[in-house]
Amino acid sequence: MAREKGLKLVVLWFGTWKNGNSHYVPAWIKRDKRRFLWAKTADGTAIRSLSPVCTETKEADKRAFTTLCRHISEVDAEQTVIGVQVENEPGLIGSPRDYSPEATALFTGPVPEEIEKFSKKSGTWEAVFGIDAAEFFSAYHIAKYIDEIAESGKRYLNRVMYVNVWLGEMYAHIPGTSYPSGGAVTRTFSLWKALTPHIDAVSPDIYLNDYKTVDDLYKTYYSENNIFYIPESMPTPLGLTNAMRAVAEYNLTGIHVFGVDMLAALFAPGAASPDPNSDFGAIASMGNEVAGAFAILKNAKPLIEKYQGTGKLYAVGQYEDQASQYIDFGDYIGYIRFLNPKGIIFGRGGEENMDARHYKMMYPDYRAKGFIVYAGKGEFYLVGDAYRLMLYPKRDIVELTSAIHSGEFLSERSQAYISVTEGIFTDAGYTPTIIRNGDEYDYGLWVTNDIGVLKAQLDWQECD
């Protein structure tokens, strides 16, 4: 079905772990508690997660996963399956480590040689890691467990394999209660990278939006040559705005949102138009903006593939109390005004001048987001939503501060455009579909998610 629709697939393997539990294992494993050991709390209570130190469980998981990979390799010569997620948010919910006699014997002994090399310390787990010993013990055994499974699968299916992470930054930041202990959270990320050579990417599931936390997460999961990919996130405009910034600043390779099917139900054929003033209407409006954000990413794909990491790809992202954004393109100053200023009293924004097909009311409260590429020599590409770009040439300070450029009304009508077009990328490159006239760019280079890609060519001789 995916091939018929021209889609690619990522297979999610729910083996031993799904969200820190073992709910998805078959009934015969759940019933055979002597062969397949469940992790226990310090008081001996079994939690609903199988123990990562149980060899029988690992071998059963490995056999099943290897069989799946062999099957995919046999039926998928076209490589419709482009990746495999090995387990799902692995770790232990209910305890920081397995306190069973089998696990405790390992915990109270000396740390393995790999841990000595990683930590540059020797001794027991508690001597090496202190209060974090239980979490690092769990991380060691879970990472080794999963890498062995991935290695076995890759013998038959050489596709990208990754592990997704329930973040430690959730709730009270306590392993085993706030998040699954032993997963590849920021605290244990470097250890996971050292122990999982057969895992191509350690990928965070980001359900947080605040700038500081998200930026710190980006810095972690972009580091150590990790392929940076977000397999789960919230279907919100701010979440997608953050992701676009990650594309430009942290080489993000892709993003999925959780529950997109729930949003899609709002727009199914025959669905009633919701009251825009109701909670349901607000969700529907948000769904429109999220759909538009994915259209932006789709339209920007050729630009991202060509310019990511070159210093020529810039993200536009609007945050609270922000009505505009400044970007120095080297040859030009870029002043970006947002269609919907959010919570700011001072500062321009909200200009409604676009064209006969587009009006501000069509983008109620939309958050400005998207990308700008400056390819050089006056050539700009814009993709996004709810913003407009004004350009000020930086040839010399006299020109830059003259009335014709420093005054906004005159500057808007004095841009040295050779052409401004809307278009799409095909195998032949950028193809214009609409030529904008002066009435449509005299107030800046505006973009919405439905226009495709905007290309502006300025008279480079004026800035040479």
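**Figure 1. The buried residues of helix α8.** In this predicted model, V214, D215, L217, Y218, T220 and Y221 are the buried residues of α8, where buried means under 20% relative accessible area, exposed over 50%, and partly exposed in between, with a 1.4 Å probe and protein chains only. Helices here are DSSP runs of H or I with at least four residues, strands are runs of E with at least two, and both are numbered from the N terminus. The cover over those buried residues includes β5 (160-166), α7 (189-195), β6 (201-206) and α9 (237-250), counting contact as heavy atoms within 4.5 Å.

**Figure 2. The length of α8 and what follows.** How far apart are the end C-alpha atoms of α8? They sit 16 Å apart, which agrees with the 16 Å that twelve residues (211-222) should span at 1.5 Å a residue; the expected span is 1.5 Å times one less than the number of residues. Just after α8, E224 takes a positive phi of about 55°.

**Figure 3. N340 in strand β10.** N340 belongs to β10, residues 332-342, and counts as buried because its relative accessible area is 8%. What does its side chain reach? The side chain of N340 gets to the backbone oxygen of Y366 at 3.1 Å. That is a polar contact, meaning a pair of N or O atoms within 3.5 Å; within protein, one must be able to donate a hydrogen and the other to accept it, and residues adjacent in sequence count only if both atoms are side-chain atoms. Setting aside neighbours within four places in sequence, N340 is in contact with Q318, K360, Y363, P364, D365 and Y366.

**Figure 4. Two loop residues with positive phi.** Most residues other than glycine have a negative phi. E89 has a phi near 45° and lies in the loop between β4 (81-88) and α3 (101-107). D365, with phi near 60°, is in the loop between β10 and β11 (369-376). Buried or exposed: which is E89, and which is D365? E89 counts as buried because its relative accessibility is 6%, whereas D365 is exposed, at 54%.

**Notes on all views.** Residues are numbered from 1 along each chain as its sequence is written, and side-chain values use heavy atoms, with hydrogens and water left out. As this is a predicted model, local features need pLDDT of at least 70 and side-chain atom pairs count only at pLDDT 80 or more, while totals for chains, interfaces and linings use all residues.
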